[in-house]
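Please read the points below beside the sequence and the model, taking them in order. They go from the surface to a pocket and then to contacts between charged side chains.

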Amino acid sequence: RYCILCARPYLMCGYKPSMNIKNLSIKSKIAIPLMVIVIVFSTVTVLNVIKSNAQAAINHELNNVVQPVLDNLEDGYRDIYQVIASAQGLLLAKDKDAIEYQKFEFEDNAYKAVPRFESVQTLYTAGVLDSSSQDELAKLVKAMKKWVALHEPMFADPANALQYNIDYSPALDAEFSIIHDQLGYIRELIAVKQKELRQQANDSIEESKLIIEVGMAVAVLAALFSMWLSNRFIVQPIQSVEKAMNEIASGDGNLAQR
């Protein structure tokens, strides 16, 4: 026999005909679809582990990095209004006990706000917020420190607190306006990033579901293919052999058939 490509005998020709599934061993015919199923399940498992790790990282960022900072900002916002309340209470205080109480409220709240606002820096360090807005945080902290410092003389000299408040009210209002604007801006930045992270977490969950669904579909198709393959190239040939042997055994079979 000669090769139709080069007209040389097959033994001398380098061309090898493509593999036919009929020529495979029974072991190979069974192993191929099983290998496909194993590969599918392995791939699905690996992809889901990757997605799960990504989702865990996002959840960690949301719960352990972003949320504590938001809580600190809320507490700092409350501290500001506690300072305002204590300043107003000082102006209305009539006795020493009332004055001491308002001084305690001021000291208990005024010096907590700055560290709470400074906790936003952890979001820049972690890469959650873009460093381009870091100057806005510095502006907030600076205004907060100045605003607290403007209140200190009032509580240091309660007897002249009313006049001090009149004289420095414009300066206090100016710093408070900066604090209010900067705090709102930073909170909005964090809220936007929080929304993005939550969307990423939801997308990761949906992608994991899709991977599982596609993997299961491919596995089912591979199982059906395995059943067809077994029936077509294993069961049917065995049945043919059985039929042929029965015919030979009955004396009517063709003894020359392979």
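1. In this predicted model, Val-220, Leu-221, Leu-224 and Met-227 make a nonpolar surface patch of about 410 Å². Met-227, one of these residues, is placed in helix α5, which covers residues 161-250, and counts as exposed with a relative accessibility of 58%.

2. The largest pocket has a volume of about 190 Å³, and its lining includes Ile-84, Trp-147, His-151, Asp-173 and Phe-176. Helices α1 (26-92), α4 (134-156) and α5 each give the lining at least two residues, with the largest share, five residues, coming from α5. Sorted by class, the lining has six nonpolar, four polar and one charged residues.

3. Nine salt bridges are found in a search of the whole structure. In one of them, the side chains of Glu-74 and Arg-187 meet at 2.6 Å, N to O; because Glu-74 lies in helix α1 and Arg-187 in helix α5, this pair ties together parts that are 113 residues apart in sequence. Glu-74 is partly exposed at 38% relative accessible area, and Arg-187 is likewise partly exposed, at 28%.

4. Other salt bridges lie within a helix. Lys-112 pairs with Asp-108, the closest N and O atoms being 3.5 Å apart, and both residues lie in helix α2 (residues 96-118), four residues apart, or about one turn. In helix α5, Glu-196 and Lys-193 are three residues apart, about one helical turn, and their side chains meet in a salt bridge at 3.7 Å, N to O. Glu-196 is partly exposed at 38% relative accessibility, as is Lys-193 at 22%.

Definitions and conventions. Residues are numbered from 1 along each chain as its sequence is written. This is a predicted model: local features need pLDDT of at least 70, side-chain atom pairs count only at pLDDT 80 or more; totals for chains, interfaces and linings use all residues. Side-chain values use heavy atoms; hydrogens and water are left out. Patches are made of residues with over 30% relative accessible area and no salt bridge: like charges are joined within 9 Å, nonpolar side chains (Val, Leu, Ile, Met, Phe, Trp, Tyr) within 5 Å. Accessible areas come from the Shrake-Rupley method with a 1.4 Å probe; for residues, only the protein chains shown count as cover. A salt bridge is a side-chain nitrogen of Lys or Arg within 4 Å of a carboxyl oxygen of Asp or Glu. Buried means under 20% relative accessible area, exposed over 50%, partly exposed in between (1.4 Å probe, protein chains only). On a 1 Å grid over the protein atoms alone, a cavity is a set of points where a 1.4 Å probe fits but cannot get out, and a pocket is an open set with protein on both sides within 12 Å along at least five of seven lines; lining residues have an atom within 4 Å of a point. Grid points are joined across faces, edges and corners, and a volume is the space filled by probe spheres set on the points. Ala, Val, Leu, Ile, Met, Phe, Trp, Tyr, Cys and Pro count as nonpolar, Asp, Glu, Lys and Arg as charged, and the others, Gly among them, as polar.
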